[in-house]
Amino acid sequence: MERQDILEHVRLVNAVVGLDGVMEPVEVGSAIARSWNRCVHDFGLDPVRNEPVVILEGRELKDRQAPLTRLRAIAQGEMATLYQQLAGSGFSVLLTDTEGVVLDYLGDPTFTDSAAQYGMVEGALWSERNQGTNGMGTCAIEQRPILIHHNEHFLSRNVGLTCSAAPIFNHEGNLLAVLDASSFSHLAQQHTLVLVNMSAQMIENRAFLCNFRDQYVLRFHSRPEFIGTLWEGILALDEEGRILAANRNALFQLGHKKPADLVGLQLRDLFNTGMAALLGGKSHGWLNPVPFYEARQGNRFFGLVNPPENRSVSGGALQRNASPAIAAPGKARIVRLTDLQFGDQTMEYNVRCVKRVLDRDIPILLSGETGTGKEIFAHAIHDEQVGEGRPFVAVNCASIPETLIESELFGYKPGAFTGASREGRRGKILQASGGTLFLDEIGDMPVMLQARLLRVLEEREVIPLGGETPVKIDIKLISATHRNLKELVAQGRFREDLYYRLQGITLNLPPLRERQDKRELIHHILSLECSDKENVNLSEGALRKLEAHPWPGNIRQLRNVLRTALALHDGYEITIYDLPEEISQLTPSSRPERPEEAQLSALEIAESNTILKVLENCRWNVTLAARHLKVSRNTLYRKMNNLKIRINKEE
Ligand SMILES: Nc1ncnc2c1ncn2[C@@H]1O[C@H](COP(=O)(O)OP(=O)(O)OP(=O)(O)O)[C@@H](O)[C@H]1O
């Protein structure tokens, strides 16, 4: 570094940490400013310090490596893949412990000699306290992915470097190690940090699976094709379905911050399903994840449980190929626009509007609460506009961690992906070419990516990460949100230009509680749910309860409730007793005992069902029910007593 540049660097540092008396408004990120302040005020470092890097050797290094033997074995494969992805660009890949000691090093030959001069070798100590602001040391303190580029390094001797580092946490959320890719600063690549972070998460997931290989493990995601990839949520469970641990993506998808929020809960506290159901069906395997719903919000997930003995383990680490190849979900049923409304005025208006713009290239924005049917509506538009055989590609911007949306949308050049997508990814935008791209929860798209998306939409071409040549695309765009995008624009959280680009027309999908065709919709969903079985009716009482419910989870929740009721009911119709408590408003003690619980004979069960049905239809007016059944009131009371039917009023 030239003397002039060193002086300039020192001046910049002093200005940021206030050593010149006045703090100048200088352009450095807040993490860098924090780190520089630590370097000066906590560690007493000087930017021009030029002492050799401390390097641990022999026993001392071995003592550092030993506690992380299993993690290092798991990381080895990922480090090699990351190194290959960066090959030819002068990068080295390093794994450090939490104090910045380099445990493993994989170097590009063109960089190795210089790396050694910089002190990037096995055993080197890259803590912030020793080396000032740097990828590995600063990441260990900030505990999040970080890029330290060029003169963001604190020591002027490190200014020639560019370092992308990401943390690796254990299942308790504690930092285990840091993965880093470093090179000369002039060789910096825009996407290195994304790649490093993906590799770190892959290592974390593998370590998690390895750690809990003797337990049951639930792997889940809101999209079935993401199971087995680094985006999957993973929960370790005991035999009874009690949660032992959760990985980062599980926390993210379930809206929790720390593993302790979930540990100790039962599966049933989180989802509308339990171990028996997840393990039960013979058809459930890697190719057929089971759908279930989150208990609080009604969000849908797909998942599968690995029993302990099912996983292949080698050398203390899970085999690389242990992750299954996941088949795409079954072909979705074709939905017509006319299947979506049964007399509700807003929905009729929506369908009319869509039909008018079907043959034009106008982007459509669907707005509505969760579960109101935005995606199914988008699918129906696609089927009528583009054609059933063409791709319909949905991206949920809220369910993918911010750092990964970019790769998900724009894809990578072949060979750049770890894990399940070894052969690389074309990215959702390219996959949608010739069909429809459905951007769900668009309001959650990070601002940084909004500009990129806008460019893609304007120029109708996309450049995959790591690639150079733009690829032309031909897509219809439908986006959806449950947020008020206009408000987000006013708050500066959503780009105004993108907002106008997305909403050629905006359609508001009404919440279920406000729909005028609620009754018809309930019957429609019920008929879909029992399509393969005999038709099952709804009792008038149950229908009234369903109509009166406020349905915070909208049609998704309704579908879920009807599905469960179908599984629970016996006889020929669903009654209020088959509905969940919050809908039937019956307390468990007020429910009549089920015939099987009371150990009745088959004849008595049939008799009990008939009496229950008539009582329910007569709104528990025993005199009226007796008249219908053509018996005296006293006989009916006696029978009810024998059959253990207690009096209940539905309303
Ligand atoms: N008209 C309909 N007919 C049948 N099923 C429907 C209908 N509308 C919605 N559903 C069902 O309701 C559930 C939720 O629908 P969808 O995923 O389209 O809602 P959404 O508004 O996109 O939800 P989110 O905002 O949470 O992504 C799905 O299971 C879907 O099949």
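How do the residues of the shell around the ligand divide into nonpolar, polar and charged? They come out as 6 nonpolar, 6 polar and 6 charged. Here Ala, Val, Leu, Ile, Met, Phe, Trp, Tyr, Cys and Pro count as nonpolar, Asp, Glu, Lys and Arg as charged, and the others, Gly among them, as polar.

Quick ground rules, then. What we have is a predicted model, where local features need pLDDT of at least 70, side-chain atom pairs count only at pLDDT 80 or more, and totals for chains, interfaces and linings use all residues. Numbering runs from 1 along each chain as its sequence is written.

Back to the ligand. There are 18 residues around the ligand, and Thr370, Gly373, Lys374, Glu375 and Arg556 come nearest; near here means a C-beta atom, placed from the backbone, within 6 Å. Helices H13 (374-385), H19 (518-529) and H21 (554-568) each give two or more residues to that shell. By the way, helices are DSSP runs of H or I with at least four residues, strands are runs of E with at least two, and both are numbered from the N terminus.

Okay, confidence. pLDDT is the predictor's confidence in each residue, from 0 to 100. The protein chain averages 82, and 84% of the residues score at least 70. Helix H7 (residues 135-142) is highest at 96, while strand S12 (residues 317-318) is lowest, at a mean of 26. Where pLDDT is low, the predicted coordinates should not be read in detail. For the whole model, ipTM is 0.98 and pTM is 0.50.

Now the sheet. Five strands make an open sheet, ordered S2-S1-S5-S4-S3, with antiparallel pairing; pairing takes at least two DSSP bridges between two strands. S2 (102-107) and S3 (146-149) are at the edges with a single partner strand each, so one side of each has no neighbour in the sheet.

S9 (residues 290-293) and S10 (residues 300-306) pair antiparallel over 4 bridges. Proline 291 has phenylalanine 302 in S10 as its bridge partner.

Last, a helix pair. The axes of H1 (residues 3-17) and H2 (residues 30-42) come within 9 Å and cross at roughly 95°. That makes H1 roughly perpendicular to H2, a label that covers 65 to 115 degrees.

Methods
Axes fitted to C-alpha atoms, helices over the stretch in contact; angles between N-to-C directions. Parallel < 35°, antiparallel > 145°, perpendicular 65-115°, else oblique.
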